[in-house]
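Dear colleague,

I am handing over the structure below, together with some notes on what was found in it. Please read the notes with the coordinates open beside them.

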Amino acid sequence: MNLELATTTFFLVNFCVVIATETVKKPHILLILVDDLGWSDVGFHGSKIRTPNVDRLASDGVILDNYYVQPYCTPTRASLMTGRYPIHTGLQHRAVLCLTPFGLPLHFSTLPEKLQEVGYRTHIIGKWHLGHHTSASLPTNRGFDSFFGFVNYGRDHYNHTHDGFLDFFRGEEVTREYHGQYATHLYVKEANRIIAEHNSSTPLFLYMAFENVHDPIQAPDEYLRKYKIIEDKKRRGYAAMMDIVDEAIGNITAAFEEKGLWNDTLVIFSSDNGGDPVNRGYNYPLRGYKRTLWEGGVRAPAFVYGKMLIQKGVIVKELIHVTDWYPTLVRLTGGTMDSSDIPVDGFDVWDTIAKGAPSPRTEILLNIDFPEKRPGLLLTYDTWYTGAAIRVGDMKLLIHVPNATWYQTPEDGGIAPPMEDIWDQKTNIVELALFNISADPTERHDLSRRNPDIVRQLKARIHEYQKTAVPPGIVPDDIMALVLAMKNKAWIPWRNTCNAR
Ligand SMILES: *[C@@H]1O[C@H](CO)[C@@H](O)[C@H](O)[C@H]1NC(C)=O
Ligand SMILES: *[C@@H]1O[C@H](CO)[C@@H](O)[C@H](O)[C@H]1NC(C)=O
Ligand SMILES: *[C@@H]1O[C@H](CO)[C@@H](O)[C@H](O)[C@H]1NC(C)=O
Ligand SMILES: *[C@@H]1O[C@H](CO)[C@@H](O)[C@H](O)[C@H]1NC(C)=O
Ligand SMILES: *[C@@H]1O[C@H](CO)[C@@H](O)[C@H](O)[C@H]1NC(C)=O
Ligand SMILES: *[C@@H]1O[C@H](CO)[C@@H](O)[C@H](O)[C@H]1NC(C)=O
């Protein structure tokens, strides 16, 4: 009888456990961010660049059609990590550059920290670009168990230098052993190792922050040869770089499958900002490019894949923003949101993606960034201001934005613009423009004159947001960064205090 009772109890307990774990079943998460990937540079948006692995996942998953990011790398990454708009992270204007003693503010909890709290092993491979002035700002002190990659941007893909010095870390140590090897191949090897060594009973978070397809445009010959049909040499290089990303995703997918993790893996794929036609990334038919608040700068190619999605093979047209991943993934994994004074701007969009529910998000602040006085020595200072923009429902208002045009790819008869073209457009300001993005996604018909009421409403929303903005985290360059880079022949944290580590 005792045994019978024990057995019953065992089954009951077990039954409860099954129910409990079903509701908080923690998926493995593969978060893929491709650097500077243009809207139209993926197969599933009609590109001549072949991306079969990406396309398969996209078409078996949920393609996000009204998904927005920030117009630059660092602000997008900060929003991804914290769920906050750039006006709340202090990154509304400037990228973190190699001499900048600023990064992702330390008072925010990060997405990987939240995932660690609920039992995840967390890894970042590739680009950090959220500050490296102190060890405390490096990924391994911001929620990642491991880091293999770099902290700046635009490295040489073979010798891994940025502005003359090596930028390559394993954890918090500079690694000098990979000279001459193409970075993305190294990242795939690292991912394969992490997946193979992963304890399958623990949830895995792998953040693949690809270095491709950011300039310099470089790719091994075997990939370049596949794009002989593209005459423009730089565009051919860019196509080859995206081809490598696609192959990398195929390889990483296979590693997940081999390990038996794939059925429980959620994949998120996104670009960090629009393509830059100077470096041969294209967003056509969208208007504008990286650095701008036109659709080509902020509307990114994206999809979600995973067997746990209830709906599959669909296109979601609801509004989703990069800040939404933080609350969505925290909620999905049974975590708790942090109680910072600065509330999370993102929404939990899981039901929108997985089940086709309407988005809880009705508007997206795209940015607020106007010229103002800047302090001190700013050698590397970026003088490009995005202006302001907001999307509310179908409508989008832009205020004081650099005028930007449409660029079609060279292989489709378009041109490869010189930097001066883009720079000219920067000084040619559009003061105000209103578009119905649902009806006119390519932003050709300014409706501001005909709809003064809508203009007034959207302006009021921007002003409401502006009241909550933190000052831009712009600080003078610190020449000590360079002094230490020269001494160490590598970019390293240069403002460490005894207890920073
Ligand atoms: C790395 O490559 C760049 C060109 O992309 C070159 O200017 C630089 O000298 C190289 N540095 C080293 C250390 O090889
Ligand atoms: C993918 O795997 C194949 C086979 O191991 C390898 O040759 C190729 O270099 C890998 N691709 C990347 C981008 O790492
Ligand atoms: C894997 O993780 C589980 C749960 O934490 C643990 O019981 C087990 O010992 C681990 N296996 C290995 C090989 O480390
Ligand atoms: C994954 O799912 C497929 C189809 O449901 C099944 O055949 C396969 O055994 C599963 N693999 C693992 C490792 O659970
Ligand atoms: C902005 O650029 C477009 C396309 O090149 C042009 O038609 C328009 O006149 C420009 N607007 C302003 C305000 O300069
Ligand atoms: C915007 O366009 C959509 C689609 O054509 C239409 O349904 C909607 O009424 C328009 N909204 C406004 C405010 O004009």
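In what order do the strands of the open sheet of four strands run, and with what pairing? The order is β13-β14-β15-β16, and the pairing is antiparallel, where strands (E, at least two residues) and helices (H or I, at least four residues) are DSSP runs numbered from the N terminus, and two strands pair if DSSP finds at least two bridges between them. Because β13 (363-369) and β16 (429-436) stand at the edges with a single partner strand each, one side of each is left without a neighbour in the sheet. Strand β15 (residues 395-402) is joined to β16 by seven bridges in the antiparallel sense, and within this pair I399 stands opposite L432.

Before going further, please note that this is a predicted model, in which local features need pLDDT of at least 70 and side-chain atom pairs count only at pLDDT 80 or more, while totals for chains, interfaces and linings use all residues. Residues are numbered from 1 along each chain as its sequence is written, and chains are lettered from A and ligands numbered from 1 in the order in which they are written.

The other sheet to look at is an open one of 10 strands, with mixed pairing and the order β8-β7-β4-β3-β9-β1-β10-β11-β2-β12. Its edges are β8 (173-174) and β12 (314-321), each with a single partner strand, so one side of each lacks a neighbour in the sheet. Strands β10 (residues 265-271) and β11 (residues 302-305) run antiparallel and are joined by four bridges; the bridge partner of S270 in β11 is A302.

As for the nonpolar core (a set of buried Ala, Val, Leu, Ile, Met, Phe, Trp, Tyr and Cys residues joined through C-beta atoms within 7 Å), the largest has 129 residues, among which I32, M208 and F303 touch the most other members. Helix α8 (residues 233-259) gives the most to this core, with 12 residues. Leaving aside residues up to four places away in sequence, I32 touches M208, I249, V267, I268 and F269, contact being C-beta atoms, placed from the backbone, within 7 Å.

Finally, V278 lies in the loop between β10 and α9 (295-298). With 19 other C-beta atoms within 10 Å, V278 is partly exposed, since a residue is buried at 20 or more such atoms, exposed at 12 or fewer, and partly exposed in between. V278 touches P417, M419 and I422, again not counting residues up to four places away in sequence.

Best regards

Technical notes:
Contact = placed C-beta atoms within 7 Å.
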